[in-house]
Amino acid sequence: MLNKKHCNIPIFIPQKACPHQCIYCNQRYISGQQVAPTLNEVKQTIEKYLSTAEKGTELQVAFFGGTFTGLDIEEQKAYLQTVQPYITEEKIQSIRLSTRPDYINNEILDLLKQYNVADIELGAQSLDNEVLQFSERGHSAEDIATASELIKSYGFNLGLQMMIGLPKDTLAKSIATAEKIVSLGAVSTRIYPTLVIDRTPLATLYRQGNYKPLTMNGAVDWTKEVYKIFIHNNVKVLRVGLHPSEDLMNGKGYLDGPFHVSFFEFVLTAIWKERFMNLPLDTKIIKVNPKDINYAIGYRSSNLIFLKSKFRDIKFVQDKTIPQDTFLLY
Ligand code: SF4
């Protein structure tokens, strides 16, 4: 579904639905929006996207932010119902939503099936029980596996989101989490480095000197390793790093951690650099797919500069026939 021209119509539902307090989370800052949208606002957002969407684009309404299936059942129905006329008229193809693994059961999935939900993303964050416990997620790795199996048994597309750098996390644990996400049958993922957001328990730990976020280089390196696992196993990486909300951009509520608008580019630059580490000495031309060219050259041309220090006359050539994530040398 996601390899056609695809556009999400994002509807953010901040922490409203969520009775939990994960150690790192203050959805009000992360989404940059403090109140859940009214049904009218949902309609307005959909209409706005419909008026600008290119013809032939596959549109999906995406309820993100909080814990959708933690909403009161009537409220869930009201949001889902608002989208149905657009699906009947084939203006919108389906719905995706994000929720917690412990808010999945048969009753909820029956409802979501009935309302044309196609994709369910679970905030797994980690598949290591120690990390989950210290992050006060309130569910176990086994809960993630059980919910994943149930979601797949209904025929939904399963997404499992992960975080790196939570308390007690290590590179080995993050790699193991990515491998388990693959084995649980996720078709998509999102990778979020942990940030210290103000007015969260993590901010308190940070101020006490009991938590240190990953450095930017550390986060790029960890993300590179998990990203490679996903690409290798055909799990679509839908997002790397948090959306740059206004509050994050102006630093309001954001205390520390590896946040940068170009974080994804940093990661892809590092992946391509690694691919270029042992090129034959007579390399003159590197051919890559046009979609990869910016990442192959690297953030601020850093990979090209690195390559030129070893191969004076080297240059990149774009070639559509080269599969993405591969290259040819001449
Ligand atoms: S479950 Fe999600 S929305 Fe709720 S506190 Fe945790 S991270 Fe935030």
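**Reading the sheet and its helices**

Me: In what order do the seven strands of the open sheet run, and how do they pair?
Reply: This is a predicted model. To read a sheet, follow it strand by strand from one side. Here seven strands make an open sheet, ordered β1-β2-β3-β4-β5-β6-β8, with parallel pairing.

Me: Which are the edge strands?
Reply: Look for strands that pair on one side only: these are β1 (6-13) and β8 (236-240).

Me: How many bridges join β3 and β4?
Reply: Strand β3, residues 94-99, and strand β4, residues 117-125, pair in the parallel sense over five bridges.

Me: Which strands does helix α2 lie across, and which does α7?
Reply: Helix α2 (residues 39-52) lies across β1 and β2 (58-65), and runs at about 160 degrees to β1. Helix α7 (residues 171-183) lies across β4, β5 (157-164) and β6 (188-193), at about 180 degrees to β5.

Me: At what angle do helices α11 and α13 pack?
Reply: Start with the angle and the distance between axes. Helix α11 (residues 263-275) packs against helix α13 (residues 302-310) at about 20 degrees, and their axes are 10 Å apart. Angles under 35 degrees count as roughly parallel, so α11 is roughly parallel to α13. Their crossing is right-handed.

Me: Which residues of α11 and α13 meet?
Reply: From α11 come T269, W272 and K273, which meet S302, N303 and F306 of α13. Sorted by class, this contact has two nonpolar, three polar and one charged residues.

How values were computed. Residues are numbered from 1 along each chain as its sequence is written. This is a predicted model: local features need pLDDT of at least 70, side-chain atom pairs count only at pLDDT 80 or more; totals for chains, interfaces and linings use all residues. Two strands pair if DSSP finds at least two bridges between them. Helices (H or I, at least four residues) and strands (E, at least two) are DSSP runs, numbered from the N terminus. Two residues are in contact if their C-beta atoms, placed from the backbone, lie within 7 Å. Axes are lines fitted to C-alpha atoms, for helices over the stretch in contact, and angles run from 0 to 180 degrees between N-to-C directions. Angles under 35 degrees count as roughly parallel, over 145 as roughly antiparallel, 65 to 115 as roughly perpendicular and the rest as oblique. A crossing is left-handed if the near helix is turned anticlockwise from the far one by less than a right angle, and right-handed if clockwise. Ala, Val, Leu, Ile, Met, Phe, Trp, Tyr, Cys and Pro count as nonpolar, Asp, Glu, Lys and Arg as charged, and the others, Gly among them, as polar.
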